[in-house]
Amino acid sequence: LIAQTGPVIYQVTNKFLIDHGYSVPVDITFLRVTEPELSGSMPYHEAYDAGVVDNVSRNKKVCGIVEQLVREGRQVLILVQRIRHGEILDDMLWSTSKNEHLPHQFISGKEKSEVRRQALTDFKEGELPVLIATRILDQGIDVPRIDALVIAGGNKARIGALQRIGHGLRT
């Protein structure tokens, strides 16, 4: 890369971006999940399904965090890796809200582009406090009203995780 573009001439830090209003300070909270215990010999996709997608305890914790964030008046974007995981969280948010109805919508590549576009518009305008989305929002989509980002789907790729976190760093 250096042979094609030359050496780095200036490096911009996160602190610089925050100090100059291009990025926001971020608090990152990791959710510790200890169940179920998974065998080290399981193939990745099976372990992912058992530990993330179908993990009722973990999904309840995610929904509880989302409900708390909404009570605090935040716009929440929940990112998942798999459609089935988004559907599970969607169902749980409809059925487990303790106080009142929690308006939200799940979008994936299965919906028509008009449905996805309307959900993004509703979210951007603050009419929809919670948006659940698959990887369709990973790149190229500007969602400026995010107050809280919940990465509900695990990600073993560092670059993908950083791109997803980037959604929550914009002013």
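In what sense do strand S1 and S4 pair, and over how many bridges? Strand S1 (residues 76-79) and S4 pair in the parallel sense, over 4 bridges. Pairing requires at least two DSSP bridges between two strands.

## Model and conventions

This is a predicted model, in which local features need pLDDT of at least 70 and side-chain atom pairs count only at pLDDT 80 or more, while totals for chains, interfaces and linings use all residues. Residues are numbered from 1 along each chain as its sequence is written, and side-chain values use heavy atoms, with hydrogens and water left out.

## Overall layout

The protein has 7 helices and 4 strands. Helices (H or I, at least four residues) and strands (E, at least two) are DSSP runs, numbered from the N terminus. Along the sequence the pattern reads α-α-α-α-β-α-β-α-β-β-α.

The protein has 171 residues, and 33% of them are buried. Buried means under 20% relative accessible area, exposed means over 50%, and partly exposed lies in between (1.4 Å probe, protein chains only). The accessible surface comes to about 10900 Å². Carbon and sulfur atoms account for 53% of that surface. Areas come from the Shrake-Rupley method with a 1.4 Å probe; for residues, only the protein chains shown count as cover.

Contact means heavy atoms within 4.5 Å. Take the contacts between residues at least 6 apart in sequence: 68% of them join residues at least 24 apart.

## Strand S4

S4 spans residues 148-151, and its side chains alternate. Ala148 and Val150 point to one face and are buried.

## Helix H3 and its tyrosines

Helix H3 covers residues 44-53. Its buried residues are Ala47, Tyr48, Asp49, Gly51, Val52 and Val53. The cover over these buried residues includes helix H4 (56-71) and helix H5 (83-95).

The count of aromatic pairs is 1. The rings of Tyr44 and Tyr48 have centres 5.9 Å apart and planes at 35 degrees, so the pair is tilted. The rule takes rings of Phe, Tyr and Trp (its six-membered ring) with centres within 6.5 Å; planes under 30 degrees apart are stacked, over 60 edge-to-face, and the rest tilted. Both tyrosines lie in helix H3, 4 residues apart, or about one turn of the helix. Tyr44 is partly exposed at 41% relative accessibility, whereas Tyr48 is buried at 5%.

## Salt-bridge network

There are 6 salt bridges in the count. A salt bridge puts a side-chain nitrogen of Lys or Arg within 4 Å of a carboxyl oxygen of Asp or Glu. Asp49, Asp54, Arg82 and Arg84 are linked in a network of such bridges.

Arg82 bridges to Asp49, with the closest N and O atoms 2.3 Å apart. This pair links distant parts of the chain: Arg82 is in the loop between S1 and H5, Asp49 is in helix H3, and 33 residues separate them. Arg82 is partly exposed at 27% relative accessible area. Asp49 also bridges to Arg84, where the closest N and O atoms are 3.5 Å apart. Here Asp49 in helix H3 and Arg84 in helix H5 are 35 residues apart. Arg84 meets Asp54 as well, at 2.5 Å from N to O. Arg84 lies in helix H5 and Asp54 in the loop between H3 and H4, so this pair ties together parts 30 residues apart in sequence. Arg84 is partly exposed at 37%, and Asp54 is partly exposed at 37%.

## Loops and surface

Most peptide bonds are trans. The bond from Glu35 to Pro36 is cis, with omega near -5 degrees. Pro36 sits in the loop between helix H2 (14-19) and helix H3.

Ser108 is in the loop between strand S2 (104-107) and helix H6 (113-124). Ser108 is buried, at 0% relative accessibility. Beyond neighbours within four places in sequence, Ser108 contacts Ile83, Arg116, Thr134 and Ile136.

Ile9, Tyr10 and Val12 form a nonpolar surface patch with about 390 Å² of accessible area together. Patches use residues with over 30% relative accessible area and no salt bridge; like charges are joined within 9 Å, and nonpolar side chains (Val, Leu, Ile, Met, Phe, Trp, Tyr) within 5 Å. Tyr10 lies in the loop between helix H1 (2-5) and H2. Tyr10 is exposed, at 59% relative accessibility.
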